Amino acid sequence: REQEGDEVFAVVEKIRQTSIKFDRDADAQAGAELQAILDDLPRETMIAVVRAFSYFLHLANIAEDQHHIRRRRAHDLAGSKPRDGSLAHTLERIKAAGIAPQTVRKVLDIALVSPVLTAHPTEVSRKSILQCQHEVARLLDRRDRMALTPEETEESDLALRRAVLTLWRTRMLRPNRLAVVDEIRNGISFYDETFFSELPRLYAQFEDQLAANFPEHDDWSLPSFFKIGSWIGGDRDGNPFVTADILRAGLRLQSTAALEFYLGELHALGGELPLSKLLVAVSPALEELATQSPDHSPHRADEPYRRALTGIYARLAATAKALDQHEAIRHAIADARPYAAASDFAADLRVMAESLNTHGAALLAGGRLRRLIRAVEVFGFHLAPIDLRQNSDVHERSVGELLTKAGVCLAYEKLPEEARIGLLL
């Protein structure tokens with residue numbers, strides 16, 4: 001009403017109320033009235049109506065999500081039984097079924113859970129719209145978790161109004177179709193918003209709950225059985241724009257995203273681990289890492305963890321440059337030797353964790369450092385494998401070419417189906 005005037009607002013309300021009557025009461029007269037209203041709408045009013053209902057549904061979904069979060073937290077605070085679908089409920093069922101912890105461990109050792117991100121031509125959500133929606137969700141979540149003063153409530157109300165106003169005045173649709181590289185970047189943005197933080201947190205939570213439920217089993221350091229996959233940049237079936245160059249670009253963009261995340265976490269760890277060796281002992285391996293560091297500042301001479309982190313950061317920045325021709329946003333203090341593999345990077349991080357664990361600082365090892373080690377195990381230097389989807393005729397030619405080159409079969413494409421299956425098996 002504020003932005004479009006009373007007349008448009010009245011039309012939106014009339015449509016809303018008539019729709020409810022038609023849907024809830026199966027009122028045929030309301031259906032006919034609704035049809036007549038929509039048929040007679042001028043173009044500009046129609047656009048406003050479509051946008052109003054689109055945003056109404058977006059905002060209602062955000063509010064509903066927040067309601068479920070609120071209810072879940074209320075149950076947790078009240079000490080209710082674990083809800084269906086939660087890790088705690090799953091572990092209760094496993095215990096009740098008498099399944100041994102060794103069996104659980106064996107399953108997790110061979111398990112692979114890999115949800116796959118896909119891109120579709122119909123995906124039109126703009127990042128600007130998503131950011132506004134995230135802001136609304138964040139503000140609602142803050143209101144639920146904090147007792148706000150009247151002044152803070154007023155500020156929150158104004159912030160919500162700003163977010164909704166920004167939504168209303170932001171173009172909802174893209175004027176041009178996304179290129180494949182844009183789809184790749186969109187897919188990677190989900191890692192920044194969710195996977196980078198939530199997957200390591202989920203692993204830590206699962207390990208801690210397993211240890212609490214099965215204390216007789218002394219090692220619940222889990223393998224990284226839950227990883228993300230992607231089709232974006234590799235889905236060639238019927239898409240002539242997904243080329244070898246696009247695949248290379250996709251791999252490079254993914255790798256850069258992973259390395260930038262790690263570099264940011266290393267920088268944050270430097271602020272969290274200013275421990276002085278005048279006050280805490282360190283392992284010989286950690287001392288060696290600190291000695292190898294290019295950080296020779298006298299201000300950090302007694303801070304081996306910070307010096308070790310500076311050296312690790314320099315090596316990772318060099319890795320980003322070598323792998324992806326990417327310059328770290330925060331420059332390293334000196335050139336260093338790149339890591340040959342993500343496992344080498346993880347090994348240096350474990351040296352830090354083991355030193356903290358064995359010298360009275362396990363609590364510090366169990367926070368950001370623990371989550372970073374898990375992230376490196378999950379995402380490596382590649383972020384996610386890209387599945388190559390292709391038309392079966394192309395697969396047939398490619399497999400035939402490979403088998404010919406290898407001297408295994410010179411006429412794979414001419415073989416009958418059963419013979420091909422037998423050969424491949």
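Start with helix 8 (residues 180-213) and helix 13 (residues 362-379). Helix 8 passes helix 13 in a right-handed crossing. Helices here are DSSP runs of H or I with at least four residues, numbered from the N terminus.

Before going on, know your model. It is predicted, local features need pLDDT of at least 70, side-chain atom pairs count only at pLDDT 80 or more, and totals for chains, interfaces and linings use all residues. Residues are numbered from 1 along each chain as its sequence is written, and side-chain values use heavy atoms, with hydrogens and water left out.

**Stop 1: helix 8 on helix 13**

Two packed helices are described by the angle between their axes and the distance between the axes. At what angle do helix 8 and helix 13 pack? The angle is about 110°, and the axes lie 9 Å apart. Axes are lines fitted to C-alpha atoms over the stretch in contact, and angles run from 0 to 180 degrees between N-to-C directions. Helix 8 and helix 13 are therefore roughly perpendicular to each other. The cut-offs are these: under 35 degrees is roughly parallel, over 145 roughly antiparallel, 65 to 115 roughly perpendicular, and the rest oblique.

Now show the side chains. On helix 8, select Tyr 191, Phe 195, Phe 196, Leu 199, Pro 200, Arg 201, Tyr 203, Ala 204, Glu 207 and Asp 208. On helix 13, select Arg 370, Arg 371, Arg 374, Ala 375, Val 378 and Phe 379. These residues make the contact (heavy atoms within 4.5 Å). They divide into 10 nonpolar, no polar and six charged. Here Ala, Val, Leu, Ile, Met, Phe, Trp, Tyr, Cys and Pro count as nonpolar, Asp, Glu, Lys and Arg as charged, and the others, Gly among them, as polar.

**Stop 2**

**Stop 3: Thr 319**

Select Thr 319 in helix 11. Is Thr 319 buried or exposed? At 1% relative accessibility, Thr 319 counts as buried. Buried means under 20% relative accessible area, exposed over 50%, and partly exposed in between, using a 1.4 Å probe and protein chains only. Leave aside neighbours within four places in sequence, and Thr 319 is in contact with Asp 324, Pro 338, Tyr 339 and Phe 381. Try the distance tool too: the C-alpha atoms of Thr 319 and Arg 374 are separated by 19 Å.

**Stop 4: helix 3 on helix 7**

Next, pick helix 3 (residues 43-77) and helix 7 (residues 150-168). Their axes come within 11 Å and cross at roughly 140°. That makes helix 3 oblique to helix 7. This crossing is right-handed. Helix 3 brings Ala 48, Arg 51, Ala 52, Tyr 55 and Leu 59 to the contact, and helix 7 brings Val 164, Leu 167 and Trp 168. Seven of the contact residues are nonpolar, none is polar and one is charged.

**Stop 5: the two faces of helix 5**

Select helix 5 (residues 101-110). Its buried residues are Pro 101, Val 104, Arg 105 and Leu 108. They cover an arc of only 95° around the axis, which puts them on the same side of helix 5. The arc is that of the directions from the helix axis to the C-beta atoms. The face turned away from the buried side carries the exposed residues Lys 106 and Ile 110. Helix 4 and helix 8 are among what covers the buried residues.

**Stop 6: loops**

Go to Ala 26, in the loop between helix 1 and helix 2. Its phi is near 50°, a positive value in a residue other than glycine. At 65% relative accessibility, Ala 26 counts as exposed.

Finish at Glu 303, in the loop between helix 10 and helix 11. Glu 303 is buried, with a relative accessible area of 12%.

Note on methods
A crossing is left-handed if the near helix is turned anticlockwise from the far one by less than a right angle, and right-handed if clockwise.
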